[in-house]
Amino acid sequence: MSLSNVPMIGVVACNQQIGLHPFNIVGEKYLLSVVNGAKGFPLVIPSLGITLPTQALLSRLDGILFTGSPSNVEPHHYQGPSSAEGTHHDPKRDATTLPLIKAAIDAGIPVLGICRGFQEMNVVFGGSLHQKLHEVGQYIEHREDKHAPLDVQYGLSHKIDIVPGGLLHDAWGCDFAEVNSVHTQGVDRLGKGLQPEAHAPDGLVEAFSVKDAQAFALAVQWHPEWKVQDNQFYSSIFDAFGNACRLHAAKREK
Ligand SMILES: N[C@@H](CCC(=O)NCCCC(=O)O)C(=O)O
């Protein structure tokens, strides 16, 4: 088997204090979606918040998955008002992922952003976020019921309309789909150079791609990693991402 059949895919970690120690952690579902969905080898990228030789990392990777997280991007990154007291932030993750997204896209590395990762990508391109969608007034409920069983929290929640001719439409081949919805924040101003790929029934941007990217660069507000093999739409996203990563790996092998 050619080595390029198994692309090396970075999966970004969150930096979380557990007891007295900071830990770098990644939800297992993200790692498994790389294995079972993209058919790649997941490699955890720590969020240490320090300067590391990013180009050395990028020269060895075939794709990066920017994961979801319970934490929010610090609003000073998009000139937003201060967060409500008690908001969960992860400044070391911000310091790692925001420059890494730009560097990866510039280097032609395929990227997939999910939920927090989607919001990070919007911020990197100069976009802004609504911090509490439910307080804006015009949006349907995008939050999960935190008291419900996990399968209900991550169960299908609303329809999306998919923009014809985009990456997502190419992957799925249909104008609509059903998605889960597990977020409080959402796109306010879409970043420059990003094109909408899907909208919720209330008009919220649910997916976008990077217009001039050399490689696959898609971000989605929902969680396609959730039981990826049980959902054909979610699988189609990871198939497309995995194929782009394999293409990159084949070039890297030469
Ligand atoms: N904090 C943001 C991002 C939401 C998000 O990424 N949720 C994921 C939760 C845990 C997981 O499934 O990994 C928001 O609320 O908008």
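Modeller: The side chains of arginine 143 and glutamate 141 meet in a salt bridge, at 2.9 Å from N to O. The model is predicted.

Biologist: What makes the pair of arginine 143 and glutamate 141 a salt bridge?

Modeller: The rule asks for a side-chain nitrogen of Lys or Arg within 4 Å of a carboxyl oxygen of Asp or Glu. Here the N to O distance is 2.9 Å, so the pair of arginine 143 and glutamate 141 meets the rule.

Biologist: Are arginine 143 and glutamate 141 buried, exposed or partly exposed?

Modeller: Buried means under 20% relative accessible area and exposed means over 50%, with partly exposed in between. Arginine 143 has 34% and glutamate 141 has 44%, so both count as partly exposed.

Biologist: How many salt bridges does this rule give?

Modeller: The count comes to 10. One of them joins glutamate 120 and arginine 93, whose closest N and O atoms are 2.8 Å apart.

Biologist: What makes glutamate 120 and arginine 93 count as buried?

Modeller: The limit for buried is under 20%. Glutamate 120 has 0% relative accessibility, and arginine 93 also has 0%, so both are buried.

Biologist: Why is α4 called largely enclosed?

Modeller: Of its 9 residues, 8 are buried, so α4 is largely enclosed by the rest of the structure. The buried ones are Arg116, Gly117, Phe118, Gln119, Glu120, Met121, Asn122 and Val123. Just after α4, glycine 126 takes a positive phi of about 85°.

Biologist: What makes aspartate 151 and lysine 227 a salt bridge?

Modeller: Their side chains meet at 2.8 Å, N to O; the cut-off is 4 Å, so the pair qualifies.

Biologist: Which residues do salt bridges with shared partners join into one network?

Modeller: They are Arg93, Asp94, Arg116 and Glu120.

Biologist: How do you know that histidine 183 is buried or exposed?

Modeller: Its relative accessibility is 4%. The limit for buried is under 20%, so histidine 183 counts as buried. Histidine 183 sits in the loop between β9 (176-179) and β10 (186-187). Leaving aside neighbours within four places in sequence, its contacts include Cys115, Gln119, His142, Arg143 and Glu206.

Biologist: What makes the approach of histidine 183 to glutamine 185 a polar contact?

Modeller: A polar atom of the histidine 183 side chain lies 2.6 Å from the backbone oxygen of glutamine 185. The cut-off is 3.5 Å, so the distance falls within it.

Biologist: Which residues touch the most other members of the largest nonpolar core?

Modeller: Of its 30 residues, these are Leu112, Ile114, Ile160, Leu168, Trp222, Phe233 and Phe241. The elements that give two or more residues to this core include β1 (8-12), β6 (111-114), β8 (158-162) and α8 (232-253). The greatest contribution comes from α8, with 7 residues. A second, separate core has 23 residues, among them Ile101, Ile105, Phe118 and Val205.

Biologist: What does leucine 168 contact beyond its neighbours within four places in sequence?

Modeller: Its contacts include Ile162, Ala198, Leu218, Trp222, Phe233 and Ile237.

Biologist: Why is valine 12 called buried?

Modeller: Valine 12 has a relative accessible area of 1%, and the limit is under 20%, so the term applies. Valine 12 lies in strand β1. Among its contacts, neighbours within four places in sequence left aside, are Val26, Ile45, Phe66, Arg93 and Leu100.

Biologist: Where does phenylalanine 41 lie, and what surface patch includes it?

Modeller: Phenylalanine 41 is in strand β4 (residues 41-45). With Val6 and Leu43, Phe41 makes a nonpolar surface patch of about 230 Å².

Biologist: What accessibility does phenylalanine 41 have, and how does it count?

Modeller: At 44% relative accessibility, phenylalanine 41 counts as partly exposed. Patch residues need over 30%, so phenylalanine 41 passes that cut-off.

Technical notes: Residues are numbered from 1 along each chain as its sequence is written. This is a predicted model: local features need pLDDT of at least 70, side-chain atom pairs count only at pLDDT 80 or more; totals for chains, interfaces and linings use all residues. Side-chain values use heavy atoms; hydrogens and water are left out. Patches are made of residues with over 30% relative accessible area and no salt bridge: like charges are joined within 9 Å, nonpolar side chains (Val, Leu, Ile, Met, Phe, Trp, Tyr) within 5 Å. Accessible areas come from the Shrake-Rupley method with a 1.4 Å probe; for residues, only the protein chains shown count as cover. Helices (H or I, at least four residues) and strands (E, at least two) are DSSP runs, numbered from the N terminus. Buried means under 20% relative accessible area, exposed over 50%, partly exposed in between (1.4 Å probe, protein chains only). A polar contact is a pair of N or O atoms within 3.5 Å; within protein, one must be able to donate a hydrogen and the other to accept it, and residues adjacent in sequence count only if both atoms are side-chain atoms. Contact means heavy atoms within 4.5 Å. A nonpolar core is a set of buried Ala, Val, Leu, Ile, Met, Phe, Trp, Tyr and Cys residues joined through side-chain atoms within 4.5 Å.
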